[in-house]
Amino acid sequence: MPHVSITDILVPARQGRYAVPSLLAGNLEMAVGFLAAAEETCSPLILAFNRHVTPDIPMELGLPLAVLAAQRAAVPVATFLDHGNSLDEVAQAIRLGASSVMFDGSSLPYEENVRQTREIVRMAHATGVAVEGELGSIAGSAVEIGTAQAAPESSFTDPQLAADFVKRTGVDVLAISFGNVHGPYRGEVHLDLERVRAIAMLVEVPLAMHGGSGLDESLYPEIIASGISKLGYYTAMGISAVAQLRRCLAEASSETLAYHHIIAAMVRHFHAEAKRVFKLSGCMGRMHA
Ligand SMILES: [Zn+2]
């Protein structure tokens with residue numbers, strides 16, 4: 001199965017009204033666990049690298065690791081630079097072999113976001129690399145767990161502006177803001193799915209939701225039906241990995257436990273968690289879509 005781009009995976013997802021998770025493959029245990037789960041369930045997969053979340057893993061090693069995993073997978077796997085914030089960073093990810101990149105210009109003034117995103121799209125498309133842009137700002141942080149605040153509605157993505165942005169930049173995927181937050185959700189969750197439907201009506205490219213973890217499982221079918229095709233999923237999985245690690249440490253005696261036992265436990269954890277997320281996303285069995 002070839003190493004594919006997010007467009008190859010997400011255009012069929014949008015047509016088939018299911019989502020594909022973008023899973024943060026910060027290290028080898030994560031990448032190996034996710035890939036095994038995707039192959040076991042015949043699911044397409046997006047392996048993401050985010051240098052803000054795993055700053056101790058150099059991108060020069062982390063991204064090629066994901067690329068290698070994608071190249072040897074039995075299912076379609078796209079590799080993805082998550083939240084690239086400069087032309088240089090995106091260019092580096094492309095040189096390292098990523099099939100897809102994100103340029104997050106959402107904190108820039110609108111016209112500047114259009115200008116920089118368009119420039120990056122031109123460069124990336126010249127080498128066959130797909131680009132995700134972002135419009136409207138997504139609150140919270142997946143790095144500093146516990147700082148998430150609900151975003152004000154004024155920062156949500158405007159549907160008309162989203163249509164203009166996609167047309168003028170040529171992005172392949174658009175990340176949108178509609179009450180989703182990075183990191184854990186605190187308090188009551190208010191997702192403006194009416195807004196997602198309105199954007200999906202006006203924009204032809206697949207829509208990405210960042211902050212896709214940690215929601216009540218009953219919400220996912222509705223979120224996906226409203227028009228989300230790419231589900232960024234990390235924080236809840238990262239937190240449950242630590243709970244699993246604590247159980248592991250509590251159950252074994254310190255004389256018999258070594259680091260390789262932890263590696264094995266983490267691979268199993270990420271494998272099991274990814275299967276659960278594929279099920280939530282509705283992408284199991286969609287490897288030929
Ligand atoms: Zn994000």
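The model is predicted, so local features are described only where pLDDT is at least 70 and side-chain atom pairs count only at pLDDT 80 or more, while totals for chains, interfaces and linings use all residues. Residues are numbered from 1 along each chain as its sequence is written, and side-chain values use heavy atoms, with hydrogens and water left out.

Let us begin with the metal. The zinc ion is coordinated by H83 through NE2, H182 through NE2 and H210 through ND1, at 2.0 to 2.1 Å. Donors here are N, O and S atoms within 2.8 Å of the metal (3.2 Å for Na, K and Ca), and water is not among the atoms, so sites may look incomplete. Along the chain, the zinc donors follow the spacing H-x98-H-x27-H. H83 lies in strand β4 (residues 77–84) and H210 in the loop between β10 (207–209) and α8 (220–226), so this pair ties together parts that are 127 residues apart in sequence. The helices named here (H or I, at least four residues) and the strands (E, at least two) are DSSP runs, numbered from the N terminus.

Are H83 and H210 buried or exposed? Both H83 and H210 are buried. Buried means under 20% relative accessible area, exposed means over 50%, and partly exposed is in between (1.4 Å probe, protein chains only). H83 counts as buried because its relative accessibility is 10%. H83 also has a positive phi of about 50 degrees, although it is not a glycine.

C42 sits in the loop between α2 (28–41) and β3 (45–49). With a relative accessibility of 31%, C42 counts as partly exposed.

Now to the helices. Two packed helices are described by the angle between their axes and the distance between the axes. Axes are lines fitted to C-alpha atoms, for helices over the stretch in contact, and angles run from 0 to 180 degrees between N-to-C directions.

The axes of α2 and α10 come within 7 Å and cross at roughly 40 degrees. The two helices are therefore oblique to each other; angles under 35 degrees count as roughly parallel, over 145 as roughly antiparallel, 65 to 115 as roughly perpendicular and the rest as oblique. α2 passes α10 in a right-handed crossing. A crossing is right-handed if the near helix is turned clockwise from the far one by less than a right angle, and left-handed if anticlockwise. Among the α2 residues in the contact are M30, F34 and A37, and the α10 side includes I263, F270 and F278. Contact means heavy atoms within 4.5 Å. By class, the contact of α2 with α10 has 13 nonpolar, 3 polar and 3 charged residues. Ala, Val, Leu, Ile, Met, Phe, Trp, Tyr, Cys and Pro count as nonpolar, Asp, Glu, Lys and Arg as charged, and the others, Gly among them, as polar.

Helix α10 (residues 259–281) also packs with α9 (residues 235–251), at an angle of about 140 degrees and with their axes 10 Å apart. That angle makes α9 oblique to α10, and the crossing is right-handed. The residues that meet include M237, L245 and L249 in α9, and I262, F270 and V277 in α10. This contact of α9 with α10 has 11 nonpolar, 3 polar and 1 charged residues.

A further pair is α6 (residues 159–169) and α7 (residues 193–202), which pack at an angle of about 35 degrees with their axes 9 Å apart. Their crossing is right-handed. P159, Q160, A162 and A163 of α6 make the contact with R195, A198, I199 and L202 of α7. These residues divide into 6 nonpolar, 1 polar and 1 charged.

Finally, a few single residues. V143 is found in the loop between β7 (139–140) and α6, and at 39% relative accessibility V143 counts as partly exposed. Not counting residues up to four places away in sequence, V143 touches H52 and V53. E111, in helix α5 (residues 110–126), has its C-alpha atom 22 Å from that of P206.
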